[in-house]
Amino acid sequence: MTPEEFAERIKAKFEGVEIKITENKLPHPRKRIWVDVDRDRFKDVVKFLKELDPTAQFSIIIADDRGDKLTAKYHWEMFWEQGESLSVVIGTACPKDDPVLPTITDIFPSTLPYEREVQEFLGIKYEGIPDPRRLFLPDDFPEGIYPLRLDETGVKMVKNAGHPYGRKSK
Amino acid sequence: MNEKVEYWVKIPIGPIHPALEEPEKFIITLDGERIINVDVKLGYNLRGVEWIGLRRNYIHILYLAERMCGICSFSHNHTYARAVEEMAGIEVPERAEYIRVIVGELERIHSHLLNLGVVAHSIGYDTVLHLSWLAREKVMDILEFIGGNRVNYSINMIGGVRRDITEKHRRAILDMIYYYRQEVMPKIEEIFLYDPTVEARLRDSTVIPKRIAIEYSAQGPTARGSGITKDVRYNEKLGVYPDLGVKPVTPKEFTGVIKGDVFDRMVVRVGELWQSMEIIERALDQMPEGKIKAFPKDNMIIFKLKKAEGEGIGRYEAPRGELIHYVRAEPGRDGPAKWKMREPTFPNLFAVARALVGEQLADVPVAIASIDPCLSCTDRVAVIDANTGKKKVLTEVDLLKESIKKTKEINPNIKAKPERVGGVGL
């Protein structure tokens with residue numbers, strides 16, 4: 001399946017979904033498909049991916065603080081058995097005052113550790129996540145602080161925090 | 001009458017444990033000797049590289065990315081450079097692509113030799129550890145010869161590479177390949193393909209079936225050992241790799257069967273050693289003349305990237321599997337607005353934790369070693385080496401002196417005098 005065909009399939013099934021196809025300048029140019037979907041239909045799109053290719057490989061969640069909303073982009077590699085694969089990025093967003101996204105661990109079980117990571121670092125709550133414990137941060141890390149947020153709930157730069165080699169403050 | 005008393009015992013392996021090279025914690029629930037649950041806890045070496053990256057510019061991050069991991073340091077800054085190039089639409093000269101291939105494959109050789117030793121060590125075959133690490137010194141010397149450092153060779157620059165491969169490098173690399181083909185590979189094949197003791201220990205231990213590997217998105221040799229023909233260099237048509245005939249290596253070509261056990265993962269690594277050497281030879285033959293950087297001066301990169309907008313993804317097959325970096329730019333910023341990476345050990349750890357269920361406790365060290373875990377990447381942390389000799393702990397200054405001495409031995413023409421930066425204490 002070519003990227004254009006894939007975009008057509010998504011467009012036919014889900015109306016009003018933003019799709020763009022980018023291409024880089026490698027000797028063998030590589031196309032990527034970027035899909036943007038609201039959070040209500042996000043899970044349906046993911047289910048559709050699984051129908052298209054049951055062996056799709058999940059790679060990463062890129063969660064980002066964009067001012068008044070939090071975005072999450074998911075990357076899949078599809079049709080890897082047939083040589084050149086399809087690189088699909090599906091993005092969704094949630095407002096900061098209601099940071100809830102649906103979990104997709106029931107469709108792709110490998111997303112669980114990534115969702116746990118996003119949950120502790122950016123404070124996106126995953127609805128129905130089977131294992132909401134912390135993964136990277138220590139268990140006694142204060143609640144309500146999300147290290148990768150850019151607003152006041154993030155961590156602040158501490159100058160020379162007791163580091164023996166730190167430069168003397170000016 | 002159906003009531004059966006079960007004695008479940010929880011054993012923590014880690015964060016600091018003799019069987020583990022780096023801090024990570026596995027909480028293992030046991031029924032007798034049989035494992036019934038494995039829980040993974042990470043973050044004992046969390047450095048917050050993403051957070052630091054928000055406060056650096058595009059060029060600084062190249063060197064920060066490299067220091068995420070001491071073994072796949074080329075992979076990280078290569079993938080990051082690819083992400084930035086895709087974001088800004090920079091075209092890389094073809095010669096630079098070939099140099100990236102050569103250094104990347106040299107790194108794969110050293111990483112796989114290291115892992116062969118670690119797995120042999122975890123089954124108590126320490127002779128192999130010492131011999132394979134001795135063989136690894138050769139490729140480390142070549143990497144030092146090309147890049148100036150044993151690790152952190154700083155080869156990549158956005159839009160090209162920083163160091164050229166000249167005729168003398170080419171000769172040294174061909175010498176190294178000859179040495180490996182003649183002296184090292186026959187012994188390694190003897191041990192990891194035909195030795196009955198190794199086979200008895202590694203066969204059928206910690207089987208990751210194909211279904212589990214797909215479900216948990218296992219990467220790299222861990223996935224290919226289970227028969228998944230997935231390789232980013234091949235699937236992504238990355239750089240000039242398609243011209244060099246790269247194909248996913250599965251154990252079927254060597255042993256005829258795919259079982260997905262520890263043995264198969266080691267067979268894949270042995271096969272990739274052969275493949276890497278072939279790729280290097282072909283790349284050296286096909287490498288065209290030309291420039292190695294898209295921008296002659298580094299400040300031009302910052303100037304161009306300051307105006308860039310958009311997002312890019314870089315993917316690369318690191319020695320352990322798919323490595324992926326993401327960069328998003330905002331115009332007017334000289335650093336990325338978002339930089340995110342994912343390392344192959346992260347999904348592999350959870351795949352192997354799932355595969356350990358039902359196995360024996362004694363298989364844990366070898367199972368964990370068999371995915372070649374690089375926790376430093378996963379937690380994005382520093383690996384610390386303490387080197388004691390003659391009852392004296394080497395300090396940072398001593399180590400710097402020693403490494404300068406070694407570099408001068410290899411290349412007496414180097415004039416630069418590296419200095420220690422950032423410190424006030426000594």
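Residues are numbered from 1 along each chain as its sequence is written, chains are lettered from A and ligands numbered from 1 in the order in which they are written. Because the model is predicted, local features need pLDDT of at least 70 and side-chain atom pairs count only at pLDDT 80 or more, while totals for chains, interfaces and linings use all residues.

Chain A contains 3 helices and 7 strands, where helices (H or I, at least four residues) and strands (E, at least two) are DSSP runs numbered from the N terminus. The order of elements in chain A, from the N terminus on, is α-β-β-α-β-β-β-β-α-β. The C-alpha trace of chain A spans about 60 × 40 × 30 Å along its principal axes. Of its 170 residues, 36% count as buried; a residue is buried if 20 or more other C-beta atoms lie within 10 Å of its own, exposed if 12 or fewer, and partly exposed in between, with C-beta atoms placed from the backbone. Among contacts in chain A with a separation of 6 or more, 49% join residues 24 or more positions apart; two residues are in contact if their C-beta atoms, placed from the backbone, lie within 7 Å. Asp40(A) lies in helix 2 (residues 39-52) of chain A and is exposed, with 9 other C-beta atoms within 10 Å. Between Asp40(A) and Glu23(A), 17 residues apart in sequence, the C-alpha to C-alpha distance is 29 Å.

Chain B has 17 helices and 10 strands. Its radius of gyration, 22 Å, is close to the 22 Å given by the globule rule for 426 residues, so chain B is as compact as a globular protein of that length. The radius is taken over C-alpha atoms, and the rule is 2.2 Å times the number of residues to the power 0.38. The C-alpha trace of chain B spans about 80 × 50 × 50 Å along its principal axes. Of the 426 residues of chain B, 50% count as buried, and 69% of the contacts in chain B with a separation of 6 or more are between residues 24 or more positions apart.

Within chain B, helix 5 (residues 126-147) and helix 6 (residues 167-194) pack at an angle of about 165°, with their axes 11 Å apart. Axes are lines fitted to C-alpha atoms, for helices over the stretch in contact, and angles run from 0 to 180 degrees between N-to-C directions. Helix 5 and helix 6 of chain B are therefore roughly antiparallel (angles over 145 degrees; under 35 is roughly parallel, 65 to 115 roughly perpendicular and the rest oblique). Residues of helix 5 of chain B in this contact include Val128(B), Val139(B) and Phe145(B), and those of helix 6 of chain B include His169(B), Met176(B) and Ile191(B).

With 26 C-beta neighbours inside 10 Å, Ile109(B) is buried. The C-alpha atoms of Ile109(B) and Val139(B), 30 residues apart along the chain, are separated by 7.5 Å.

Between the chains, 33 residues of chain A are in contact with 39 residues of chain B. Strand 3 (57-66) and strand 4 (69-78) of chain A are the elements giving two or more residues to the chain A side, and strand 3 of chain A supplies the largest share, 6 residues.
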